[in-house]
Amino acid sequence: MKRSLTLIGLLILLCGNVDAKKKFRPAIIVKQDGTQVECLAEYPDKVDAKAIKFKADRDSKTQKMESGDIKMIRFFLDDDKAVDLERLSVISWANMYRGKQKISKPIWLNVFMRGPVTLYLNVITTTSKTGTSTEYIYYCKRDNEEVASTIAVVYGGAVIKIGDPFPKIASNYFADSPSIAEKIKNKEKGYSSKEMEAIVGEYNSEKLAQQGK
């Protein structure tokens, strides 16, 4: 069985018009020291990619930049949209459930929604003799948090019905919004792991309203 965490799959999923065969795309690399490099960059093929390939233009020589030197990459797509990748340490789903603060090494995360809580989404594809399955992994991070928390895992678009750790993990994470946390804990309609975008959107709207924004 082959299990790989892919970033290209999500870019296709989000944007539709991405041609995965185009290895290098217009991008801005933001380094850890804040400096920016406008270039053509290659999508990392793994979340733990140790280096990113880039070049100044189509005719330039390919170079490599260590992932540890990069804070974010913004890729510009064919339909005038952009996708951001950020490199962060994460607390795994299992450790979130156990209440442990053990963090992983930094990995690349796709930014799905920004706000008081930023929502990230990566996609896992598992290939075996019986076929291919997909997992959607959602992470959250507040501005004052140094690491991203794994909040939900959705298997092939299906919500886990039995032994689902999501209500506990998500209600704890969103505990500073009692109404949202309670709805998640009670497994109310619209507050399952499959509705992460709506949950984070509601949370962010609530926090911005409290800030008078």
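Helices (H or I, at least four residues) and strands (E, at least two) are DSSP runs, numbered from the N terminus. Under that definition D57 lies in the loop between strand 4 (51-55) and strand 5 (63-66). This is a predicted model, in which local features need pLDDT of at least 70, side-chain atom pairs count only at pLDDT 80 or more, and totals for chains, interfaces and linings use all residues. Residues are numbered from 1 along each chain as its sequence is written, and side-chain values use heavy atoms, with hydrogens and water left out.

**Overall**

The secondary structure of the protein comes to five helices and twelve strands. Of the 213 residues, 45% are buried, where buried means under 20% relative accessible area, exposed over 50%, and partly exposed in between (1.4 Å probe, protein chains only). The protein exposes about 11,700 Å², and carbon and sulfur atoms supply 50% of that area. The areas come from the Shrake-Rupley method with a 1.4 Å probe; for residues, only the protein chains shown count as cover. Contact means heavy atoms within 4.5 Å. Among the contacts with a separation of 6 or more, 48% are between residues 24 or more positions apart.

**Single residues**

| Residue | Relative accessible area | Class |
|---|---|---|
| C39 | 8% | buried |
| C140 | 0% | buried |
| D57 | 37% | partly exposed |
| K187 | 56% | exposed |
| K207 | 11% | buried |

D57 and R25 are 32 residues apart in sequence, and their C-alpha atoms are 9.8 Å apart in space. The cysteines C39 and C140 are both in the table. A disulfide is a pair of cysteine sulfur atoms within 2.5 Å, and the count by this rule is zero.

**Helix 4 and its surroundings**

Which residues of helix 4 are buried? They are I180, A181 and I184. Seen down the axis of helix 4, these residues fall within an arc of 100°, so they line one face of the helix. The arc is that of the directions from the helix axis to the C-beta atoms. An α-helix has 3.6 residues a turn, so residues three or four places apart point the same way. The cover over the buried residues of helix 4 includes helix 3 (166-173) and helix 5.

K187 is a residue other than glycine with a positive phi, and its side of the table reads exposed, at 56%.

K207 is found in helix 5. At 11% relative accessibility, K207 counts as buried. Leaving aside neighbours within four places in sequence, K207 is in contact with P116 and D176.

**Aromatic rings**

Rings of Phe, Tyr and Trp (its six-membered ring) pair if their centres lie within 6.5 Å; planes under 30 degrees apart count as stacked, over 60 as edge-to-face and the rest as tilted. By this rule there are three aromatic pairs. Y173, F174 and Y203 form one aromatic cluster.

A charge sits over a ring if NZ of Lys or CZ of Arg is within 6 Å of the ring centre and within 35 degrees of the ring normal. K55 lies over the face of F24, at 4.7 Å from the ring centre. K168 lies over the face of Y97, and here the distance from the ring centre is 4.3 Å.
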